[in-house]
Amino acid sequence: MERQLESRIHYFFRSRYRGRKDVHVVLKDLRRHGRLVLVGGMLRDLALFGNAGFRSDLDFVIAPYDLGSFEKHMGSIGARINRFGGYALPSRKWQIDVWPLEKTWAHVAGHARVRTVGDLRSATFFRCDAILYDLDYRKLIAAPEYFDDLTNKVLEINLRPNPNPKGNAVRAFRYALMKGFRWGPQLSEFVDEVLESEGWGALLEAERRSFRSQYLQGISFEHLKRALRSHVSGDQSDPFDAAAFQRNVQLTLPYIH
């Protein structure tokens, strides 16, 4: 899977189809200001679904040569400040975000020591996002067991402290429903706690605010809640399958005379 992923990354960055020329222009500009690495979601989805199935955002972290100069440049090109210290870059086709290494949330909040780009692997909430692609050296950076976890489709926590528990619980559900992931024990306990403290309605609203597509409303919540509580209270020898609690939708066919 690792070699296949490298091949898919190289294709994405070489290709000029589907608006990727915009990406080339943005990256050429960014790399003048520091060492650039691609982080997490795009790499995960390319590994699982290939270029044809990739529809997500591109998230980068930059180790700037000069932070002040980089931030001044972001202002000059009209980059919009996003949550947690990063920048959303202007692009016609793809949503591209970049964070300065010094301002990654886990580092600023004191939950992970992030001094080099390699340290970013310890700063993601999900283990499936703990992978980097170094654009300077054209190589992947991931733990040896990363691709085994990805092949087994088990979603687990990498760094539990996070600034958005509701958002990450929503992502856990969406990854289960859209990508076929099952939850490991730490994530199962985390989602159970978020549901207990925030309630199902808060997660439904968080999904509506953050995503155009709505998946959580298709879950039979009361059945899931009972099963998740039982799972968390048990030995958790098998991952929890949240996708098993989707409601069956009865399609109504039009009456034809």
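I took helices (H or I, at least four residues) and strands (E, at least two) as DSSP runs, numbered from the N terminus. On that basis I found 10 helices and 9 strands in the protein chain. I note that this is a predicted model.

Overall dimensions. I looked up the extent of the C-alpha trace, and along its principal axes it spans about 55 × 55 × 35 Å. I then checked the radius of gyration: a compact globule of 257 residues would have one near 18 Å, and the protein chain has 20 Å, which agrees.

Contacts and surface. I looked at contacts with a separation of 6 or more, and residues 24 or more positions apart account for 66% of them. Of the 257 residues, 46% count as buried. I got an accessible surface of about 13,900 Å², with 49% of it belonging to carbon and sulfur atoms.

Charges. I have 39 positive and 30 negative charges in the protein chain, and their mean positions are 8 Å apart.

Helix 2. I asked why helix 2 (residues 20–30) is largely enclosed by the rest of the structure. I counted as buried any residue under 20% relative accessible area. 8 of the 11 residues of helix 2 are buried, so the helix is largely enclosed. I listed the buried ones as R20, D22, V23, H24, V26, L27, D29 and L30. Next I looked up what covers these residues. The cover includes helix 1 (2–14) and helix 4 (67–76). I also found strand 1 (34–39), strand 2 (58–64), strand 4 (87–89) and strand 5 (96–100) among the covering elements.

Technical notes
Residues are numbered from 1 along each chain as its sequence is written. This is a predicted model: local features need pLDDT of at least 70, side-chain atom pairs count only at pLDDT 80 or more; totals for chains, interfaces and linings use all residues. Side-chain values use heavy atoms; hydrogens and water are left out. The radius of gyration is taken over C-alpha atoms; the globule rule is 2.2 Å times the number of residues to the power 0.38. Buried means under 20% relative accessible area, exposed over 50%, partly exposed in between (1.4 Å probe, protein chains only). Contact means heavy atoms within 4.5 Å. Accessible areas come from the Shrake-Rupley method with a 1.4 Å probe; for residues, only the protein chains shown count as cover. Lys and Arg count as positive and Asp and Glu as negative; His and the chain ends are not counted. The place of a charge is taken as NZ of Lys, CZ of Arg, CG of Asp or CD of Glu.
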